[in-house]
Amino acid sequence: LYWHNHSPSALARKAQIALDQHDTKRAVDFLTQAVKKNPTGDLGNYIRNLLAKALIEDGREDDARDYTQDVLQASPTNTEALDNLTESYVHPAFRKYQTAIKPLSLPTRKELFQTIDTNIAQLEKLPHDARNLVGEAELQRLYETVEDDGREQAKGALQVATLANDQTAISQAKSELAAFTDPEGEREAEA
């Protein structure tokens with residue numbers, strides 16, 4: 001009975017339930033126990049893929065890539081592992097964006113741009129297949145969203161400064177807004 005409740009497949013089932021309940025830490029614990037039992041074949045790949053997914057959700061993308069690479073060494077065309085690998089580069093920027101205080105501050109936008117640029121560069125090193133190109137496109141769209149946010153903040157600051165007739169603030173707001181007229185302006189200025 002102990003083995004049945006603590007077998008790799010039973011631990012994977014418990015982990016899936018934990019993931020469904022958004023309890024990634026418990027899922028990671030179950031799956032780590034399952035991996036320690038050294039399952040092989042399809043079950044081993046399934047457990048390692050599920051662990052990678054849980055680690056990504058837990059914000060531990062580097063650890064997730066280790067398990068993804070284990071699966072890809074055994075099965076280079078494993079679609080779930082390839083999806084996890086792409087997601088491990090897309091997820092960090094989206095997590096930072098979702099948890100950032102809005103409206104985004106300049107330092108937060110800089111951090112997001114850096115994360116996006118770094119992860120696009122990592123995706124560009126992977127094979128140019130549909131999943132990686134979609135990942136790059138998702139990150140590029142997030143970049144544009146962050147840029148739009150900054151542009152709207154600059155427009156608002158200009159309106160407020162104009163209403164207040166504050167020449168210093170008007171000049172600063174115009175300078176910030178000018179960075180957005182060049183498509184790469186803010187990205188280069190903040191790099």
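## Basis of the description

A residue is termed buried when its relative accessible area is under 20%, exposed when that area is over 50%, and partly exposed in between, with a 1.4 Å probe and protein chains only. By this criterion Pro-127 counts as exposed, because its relative accessibility is 57%.

The structure is a predicted model, in which local features need pLDDT of at least 70 and side-chain atom pairs count only at pLDDT 80 or more, while totals for chains, interfaces and linings use all residues. Residues are numbered from 1 along each chain as its sequence is written, and side-chain values use heavy atoms, with hydrogens and water left out.

## Confidence and overall form

The predictor's confidence in each residue is given as pLDDT, from 0 to 100. The mean for the chain is 91, and 92% of its residues reach 70 or more. Among the elements, helix α6 (residues 79–99) has the highest mean pLDDT, 97, and helix α10 (residues 185–190) has the lowest, 49.

Elements are DSSP runs numbered from the N terminus: helices are H or I runs of at least four residues, and strands are E runs of at least two. The chain has ten helices and zero strands. Its radius of gyration, 22 Å, is well over the 16 Å that the globule rule gives for 191 residues, so the chain is more spread out than a compact globule. That radius is taken over C-alpha atoms, and the rule is 2.2 Å times the number of residues to the power 0.38. Along its principal axes the C-alpha trace spans about 80 × 35 × 20 Å. Buried residues account for 39% of the 191 residues.

Rings of Phe, Tyr and Trp (its six-membered ring) pair if their centres lie within 6.5 Å; planes under 30 degrees apart count as stacked, over 60 as edge-to-face and the rest as tilted. The count comes to one aromatic pair. Phe-113 and Tyr-143 form this tilted pair, with 4.4 Å from centre to centre and 45° between the planes. Because Phe-113 belongs to helix α7 (residues 106–125) and Tyr-143 to helix α8 (residues 130–164), the pair ties together parts that are 30 residues apart in sequence. Phe-113 is buried at 3% relative accessibility, and Tyr-143 is buried at 2%.

Helix α7 also holds Arg-109, which is buried with a relative accessible area of 7%. A polar atom of the Arg-109 side chain lies 3.3 Å from the backbone oxygen of Leu-104. A polar contact is a pair of N or O atoms within 3.5 Å; within protein, one must be able to donate a hydrogen and the other to accept it, and residues adjacent in sequence count only if both atoms are side-chain atoms.

## Charges over rings

A charge sits over a ring if NZ of Lys or CZ of Arg is within 6 Å of the ring centre and within 35 degrees of the ring normal. Arg-65 lies over the face of Tyr-89, 4.0 Å from the ring centre. The charged end of Lys-102 sits over the ring of Tyr-97, at 4.6 Å from its centre.

## Loops

Thr-77 is in the loop between α5 (61–74) and α6, and is exposed at 63% relative accessibility. The C-alpha atoms of Thr-77 and Ser-105 are 28 residues apart along the chain and separated by 41 Å. Pro-127 is placed in the loop between α7 and α8. Its C-alpha atom is separated by 14 Å from that of Asn-78, 49 residues away along the chain.
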